[in-house]
Amino acid sequence: MPVNKAQYEKILRELEGKATLVAVSKTKTVEDIMELYDLGQRDFGENYVQEIVEKYEALPKDIRWHFIGHLQSNKVKYIAPFIHLIHGIDSEKLLSTVEKEAVKNTRVIDVLLQVFISKDETKFGFDKKELESLFSSPAFASFKSVKVRGLMGLATFTEDNDLIREEFRDLRNIYDEVGKKEIPHTTMEILSMGMSADYQFALEYNTNMVRIGSLLFGARN
Ligand SMILES: *Cc1c(COP(=O)(O)O)cnc(C)c1O
């Protein structure tokens, strides 16, 4: 299916340069990705390790690859050499694996911590208390090669727009609170919230990174 160019341009206008668009290309072909690449898009997001590695190998090397799915510790090694940003860090164990792989690859890996804001129990992430205990843990303080650059969250999948707004507002508040604290190798620069169905609400709460797939590439099977 061809990329929706009009929709791409509309979204870029709506973001007004205030939010980075991560084009979510999971399940889409390298040809689809190249169509958007040729329009100037450089940030692409993927959910599956094998798929992101294959696409990384096949596509131009100036693409910034974002891992946005649920990442298993034993798979970090495959993406560590090239990943631009890992959005879904949801445990200290996973973070310490990223630290180890970053050291092995002699690079710094930027990550976002996933915060649980929704009513969907199937979703992942830290709650506020868990974030605090992570930030005060000695293991966390000892990390050298991971940098926490912000937070990521997924709103409930619902028609209830007020609930979505409430969840994005909560995440925005946590982001602002964390940003005021002095935490080792942690800065609040990136707030990754909003996807095809709800990025308009995320913009109301000043998201600065949206992850959009189906509006650009059409529905996934
Ligand atoms: C698939 C996915 C998206 C994009 O979803 P669309 O509804 O196609 O825009 C965004 N974020 C995450 C974490 C995803 O898994």
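Asp-110 touches His-84, Leu-85, Ile-86, Lys-147 and Arg-149, when residues up to four places away in sequence are not counted, and contact here means heavy atoms within 4.5 Å. The model is a predicted one, in which local features need pLDDT of at least 70 and side-chain atom pairs count only at pLDDT 80 or more, while totals for chains, interfaces and linings use all residues. Residues are numbered from 1 along each chain as its sequence is written, and side-chain values use heavy atoms, with hydrogens and water left out.

Asp-110 has its place in strand S5, which covers residues 109-115; helices (H or I, at least four residues) and strands (E, at least two) are DSSP runs, numbered from the N terminus. Is Asp-110 buried or exposed? Asp-110 counts as buried because its relative accessibility is 18%, where buried means under 20% relative accessible area, exposed means over 50%, and partly exposed lies in between, with a 1.4 Å probe and protein chains only. One of the residues that Asp-110 touches, Arg-149, is also joined to Asp-110 by a polar contact of 2.8 Å between the two side chains. A polar contact is a pair of N or O atoms within 3.5 Å; within protein, one must be able to donate a hydrogen and the other to accept it, and residues adjacent in sequence count only if both atoms are side-chain atoms.

**Two residues of strand S7**

Thr-187 is placed in strand S7, and the side chain of Thr-187 makes a polar contact of 2.4 Å with the side chain of Glu-189. Because its relative accessible area is 37%, Thr-187 is partly exposed. Thr-186 also lies in strand S7, but Thr-186 counts as buried because its relative accessibility is 10%. With residues up to four places away in sequence left out, Thr-186 touches Phe-135, Phe-140 and Val-148.

**Glu-101 in helix H5**

Glu-101 is found in helix H5, made up of residues 92-104, and Glu-101 counts as buried because its relative accessibility is 11%. The side chains of Glu-101 and Lys-104 are joined by a polar contact of 3.2 Å. Leaving aside neighbours within four places in sequence, Glu-101 is in contact with Val-76, Lys-77 and Ala-80.

**Residues in loops**

Glu-16 lies in the loop between helix H1 (5-15) and strand S1 (20-24), and Glu-16 is exposed because its relative accessible area is 54%. The phi of Glu-16 is near 50°, a positive value in a residue other than glycine. Most residues other than glycine have a negative phi. His-185 likewise has a positive phi, near 35°, and its place is in the loop between helix H8 (161-180) and strand S7 (186-192). His-185 is buried because its relative accessible area is 19%.

Pro-60 is in the loop between helix H3 (49-58) and strand S3 (64-67), and Pro-60 is partly exposed because its relative accessible area is 24%. Pro-60 touches Met-34 and Tyr-37, again without counting residues up to four places away in sequence.

**Separations along the chain and in space**

The table sets separation in sequence beside the distance between C-alpha atoms.

| Pair | Apart in sequence | C-alpha to C-alpha |
|---|---|---|
| Pro-60 and Ala-23 | 37 residues | 15 Å |
| Thr-186 and Lys-104 | 82 residues | 21 Å |
| Thr-187 and Val-98 | 89 residues | 17 Å |

**The ligand and its pocket**

Which residues come nearest to the ligand? Of the 13 residues around the ligand, Lys-26, Ser-196, Gly-213, Ser-214 and Arg-220 come nearest, and a residue is near a molecule if one of its heavy atoms lies within 4 Å of it. An oxygen atom of the ligand lies 2.7 Å from a backbone N or O atom of Ser-214, and an oxygen atom of the ligand is 2.8 Å from an N or O atom in the side chain of Arg-220. A nitrogen atom of the ligand is 2.9 Å from an N or O atom in the side chain of Arg-211. The protein covers 89% of the 390 Å² of accessible area that the ligand has on its own, with areas from the Shrake-Rupley method and a 1.4 Å probe; for residues, only the protein chains shown count as cover.

The space that the ligand takes is the largest pocket. On a 1 Å grid over the protein atoms alone, a pocket is an open set of points with protein on both sides within 12 Å along at least five of seven lines, and a molecule sits in a pocket if more than half of its atoms lie within 2 Å of its grid points.

Note on methods
1 Å grid on protein atoms, 1.4 Å probe; cavity = no way out; pocket = protein on both sides within 12 Å on 5 of 7 lines; lining within 4 Å.
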